[in-house]
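Please read this report alongside the sequence and the 3D view.

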Amino acid sequence: MTVPDHPCVLVSHPAGPLSGTVRVPGDKSISHRALMLPALAVGASTVTGLSAGEDVARTEAALTALGVEIERLGDGRRRIHGVGVGGLAEPEDVLDLGNSGTSARLFAGLLASHPFVSVMTGDASLRRRPMARVTEPLAAMGARFEGRAGGRLPLAVIGSDRLVAGAHRLAVASAQVKSALLLAGLNTAGETAVIEPAATRDHTERMLRLMGLPVAEEALADGAVRVSVAGHGALSPVDIAVPGDPSAAAFLMVAAAIVPGSRVTIADLCLNPGRTGLIDTLWQMGADVTVTPGADQAGDAAGTVTVAGTGSLRGVDVPAERAVRMIDEYPILAVAAAFAEGETRMTGLAELRVKESDRLAAMADGLTACGVPVTAGPDSLTVGGLGSGAGRPAGGATVASHLDHRIAMSFLVMGMAARAPVAVDDAAPIATSFPGFAALMNGLGARLGPPGSSPGDASPGDAAGHPA
Ligand code: S3P
């Protein structure tokens, strides 16, 4: 059946084994950068496999408002006519970045280094998110910002093409903040350096190098990494094929791992080592995950991942150092943990409190409603796994998604393996990163639909090996 992407309430019924081979949307992080960096090149670049999610559409619309010509060649295909480093034009209106934190942080760096005034806003979730982490170092370079308390959106940016280069030691390991500073550094004379406490995803650095701009990287003694660019270099146009998003694939991987008898293959997936923490954790839990490397895409490792559902996962301690490599995957890992035998302890997660929602609170509330023992600390989550047999999570609850796509998708996956259906109160945010999620999942054998429907023909207690 066809399920629209915008029902308010969506219900996930217990499902039989999931099977099939699919592609997931183009990687969201790479897609934002595959629009922004070619926009600064001299000449035309082409991009294929771009994410069709609303977040990336917000970046595209904002670039258009800043004077960049972007031709739509088809689904996920664009030709971007670069304006050169420093060539963005003052927008006529407020830039509305919707739900997209990556757009807001990366544009803060771009706008700060152009000599005009612009204003960024977003939805209720984005307007709550901290921006001081980008505005403070950019202000130290000489840009000015006028925002709400804590520098929150709506935020006016009074930029300059005479920023002062320097080195910035970040308090938070954040690829968004690192990227914002590197982007500002492109239009700033001298060397702009970022010292991040731990290595975060490096898509910006890889794409800059693909475009002919050297990016220096140095591992420091304390585990920190120093990344730097020299300003006023030129970016050459490129052709970029965006690989699939591991943070979207995560929902399919965990669904396959917790519904016994499943076998799901995801092709053309980004396998950047900074993004594969969930795969390492699933291996640690005893899941059956096979990774087959393929050719690099967009300067990043890529390949195919197959997950088979064995019905036996074990609870684990997830080391805090792994958080940077799977920061967006903790909500769905918590669902996997609920179906494992024994406790799973996740630490080093303070950042999850300031994502699209307070993800530690949202997961704790939703898991509790589904009958799963859980404790959330200021920066930790401990889930008491109930296994995948007769005593597995009860489900039978309606969970609040808090304008957060990953919370909505996590609980829909939970419903596939729980004893009773799980509903989310608002599934619309899923479109920010994974349009077509419900239809794709149903194509694999899931049973997602609006309330009152009975999608699919599987019934609890059937071929999944679950007792009725
Ligand atoms: C992103 C970095 C991460 C991640 C976000 C996308 C990026 O945020 O959570 O979904 O594209 O750089 P932080 O860098 O703030 O941790």
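## Conventions

Helices (H or I, at least four residues) and strands (E, at least two) are DSSP runs, numbered from the N terminus. Pro154, for instance, is found in strand β9 (residues 152-158). Residues are numbered from 1 along each chain as its sequence is written, and side-chain values use heavy atoms, with hydrogens and water left out. This is a predicted model, in which local features need pLDDT of at least 70, side-chain atom pairs count only at pLDDT 80 or more, and totals for chains, interfaces and linings use all residues.

## Confidence

pLDDT is the predictor's confidence in each residue, from 0 to 100. The chain averages 95. At least 70 is reached by 96% of the residues.

Residues 1-7 stay under 50. For this stretch the model has 17 contacts beyond four places in sequence (contact means heavy atoms within 4.5 Å). Residues 457-468 also have a pLDDT below 50. That stretch has 24 contacts in the model beyond near neighbours in sequence. Where pLDDT is low, the predicted coordinates should not be read in detail.

## Two domains

The chain is divided into domain 1 (10-26 + 243-449) and domain 2 (28-241). These bounds come from an automatic or database domain assignment. The C-alpha centres of the two domains lie 29 Å apart. Their contact takes 25 residues from domain 1 and 30 residues from domain 2.

## The largest pocket

Pockets were found on a 1 Å grid over the protein atoms alone. A pocket is an open set of points where a 1.4 Å probe fits, with protein on both sides within 12 Å along at least five of seven lines. Lining residues have an atom within 4 Å of a point. Grid points are joined across faces, edges and corners, and a volume is the space filled by probe spheres set on the points.

The largest pocket has a volume of about 610 Å³. Its lining has 36 residues. Closest to the centre are Ala173, Ser174, Arg201, Ile327 and Lys355. Domain 1 and domain 2 each give at least three residues to the lining. Helices α1 (28-39), α3 (101-112) and α6 (175-186) each supply at least two. The most comes from α1, with four residues. By class, the lining has ten nonpolar, ten polar and 16 charged residues. Here Ala, Val, Leu, Ile, Met, Phe, Trp, Tyr, Cys and Pro count as nonpolar, Asp, Glu, Lys and Arg as charged, and the others, Gly among them, as polar.

## Buried strand positions

Buried means under 20% relative accessible area, exposed over 50%, and partly exposed in between (1.4 Å probe, protein chains only). The contacts below leave aside neighbours within four places in sequence.

His168 lies in strand β10 (residues 167-169). His168 is buried, with a relative accessible area of 10%. Its contacts are Pro137, Met141, Leu181, Thr192, Ala193, Val194 and Ile195. Val225 sits in strand β13 (residues 225-230). Val225 is buried too, at 9%. Val225 is in contact with Val194, Ile195, Glu196, Ala199, Glu217 and Glu218. The C-alpha atoms of Val225 and Val194 are separated by 8.0 Å, with the two residues 31 apart along the chain.

Ile240 is in strand β14 (residues 239-241). Its relative accessibility is 2%, so Ile240 counts as buried. Ile240 touches Ala34, Pro38, Thr46, Val47, Thr48, Met207 and Ala298. Ser31 is 209 residues away from Ile240 along the chain, yet their C-alpha atoms are separated by 9.4 Å.

## Helix α9

In helix α9 (residues 277-284), Gly277, Leu278, Ile279, Thr281 and Leu282 are buried. Their cover includes α8 (246-258), β16 (288-293), β17 (302-308), β18 (317-318) and α10 (330-338). Gly286 follows α9 and has a positive phi, near 90°.

## Backbone points to check

A cis peptide bond joins Leu153 and Pro154, with omega about -5°. Two histidines have a positive phi: His232 at about 65° and His402 at about 55°. His232 lies in the loop between β13 and β14. His402 lies in the loop between β22 (398-399) and α12 (405-417). At 43% relative accessibility, His402 counts as partly exposed.
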